[in-house]
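Here are my notes on the pockets and the ligand site. Please read them with the structure open.

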Amino acid sequence: MKTFVIVYFIGIVIEMAIRAPIRKAQRGDAKSDQRVSTQEKTLLGLLFLAMFFIPLIYAFTNWLDFANYTLPTWAGWLGVAIFAFALFVFWHAHVDLGLNWSPSLEIRQKHELITKGIYRLIRHPMYASQWLWVIAQPLLLQNWVAGFLNLLVFIPFYFLRVKAEEKMMLDTFGEEYKTYMQNTGGVFPKF
Ligand code: SAH
């Protein structure tokens with residue numbers, strides 16, 4: 001079981017490593033639009049708690065032990081496989097989106113609409129990756145609180161974010177984004 005907890009934290013380090021160069025290259029970039037609501041800030045804060053802080057408490061204290069459960073070993077390994085796929089999709093999306101990425105809803109002055117790579121298949125690969133992550137989390141962190149809180153927070157975040165993000169993209173790129181929407185799926189490819 002410890003192995004799966006270690007895998008989880010390795011995943012966090014990998015995601016940070018994928019984002020670090022983008023954050024660095026973006027420093028001081030001018031924005032032409034920013035749509036950050038209090039609701040979104042709150043949910044982003046809760047996501048951080050559920051993804052990082054609560055798992056740390058679970059791993060390093062016994063405070064959450066009352067909520068532990070034990071799954072068969074194969075379930076843990078299934079979690080590792082889903083998690084690895086999540087990290088692959090996350091990496092691919094960052095390679096394709098490059099400097100157009102932002103943690104909250106923003107349009108850069110030099111924003112470019114990306115429709116290549118993984119974005120040719122789906123509009124929201126990073127959120128697809130996060131869905132995989134929140135599904136893998138309860139298989140890796142076998143605890144009702146540390147395993148499931150992220151999923152619970154991500155569900156409302158996902159629906160609010162996608163709605164606001166697609167509106168912003170339509171306001172910015174108009175017909176181009178509309179056509180792009182018709183040809184792609186959200187988190188599942190369209191066949
Ligand atoms: N929803 C995407 C991107 C998440 S990052 C995904 O899941 O992969 C959020 C930022 O990405 C938004 O602020 C928006 O400015 C930018 N964005 C989203 N889709 C984009 C696209 N196809 N091309 C360029 N920028 C995009």
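How do the residues of the lining of the largest pocket divide into nonpolar, polar and charged?

1. The lining of the largest pocket has 26 nonpolar, eight polar and eight charged residues. Ala, Val, Leu, Ile, Met, Phe, Trp, Tyr, Cys and Pro count as nonpolar, Asp, Glu, Lys and Arg as charged, and the others, Gly among them, as polar.

2. This is a predicted model, where local features need pLDDT of at least 70 and side-chain atom pairs pLDDT 80 or more, while totals for chains, interfaces and linings use all residues. Residues are numbered from 1 along each chain as its sequence is written, and side-chain values use heavy atoms, without hydrogens and water.

3. The largest pocket holds about 1,000 Å³ of space. A pocket here is an open set of points on a 1 Å grid over the protein atoms alone, where a 1.4 Å probe fits, with protein on both sides within 12 Å along at least five of seven lines; lining residues have an atom within 4 Å of a point. Among its 42 lining residues, Arg19, Trp101, Ser102, Pro103 and Met126 lie nearest the centre.

4. The ligand takes up the space of the largest pocket. Its shell contains 13 nonpolar, five polar and four charged residues.

5. A side-chain N or O atom of His124 is 2.8 Å from a nitrogen atom of the ligand. For Met126, a backbone N or O atom lies 3.0 Å from a ligand oxygen atom.

6. The second largest pocket has about 250 Å³ of space. Its lining comprises 13 nonpolar residues, with no polar and no charged ones.

Definitions and conventions:
Polar contact = N/O pair within 3.5 Å; in protein donor to acceptor, adjacent residues only side chain to side chain. Sits in = over half its atoms within 2 Å of the grid points. Points joined across faces, edges and corners; volume = space filled by probe spheres on them.
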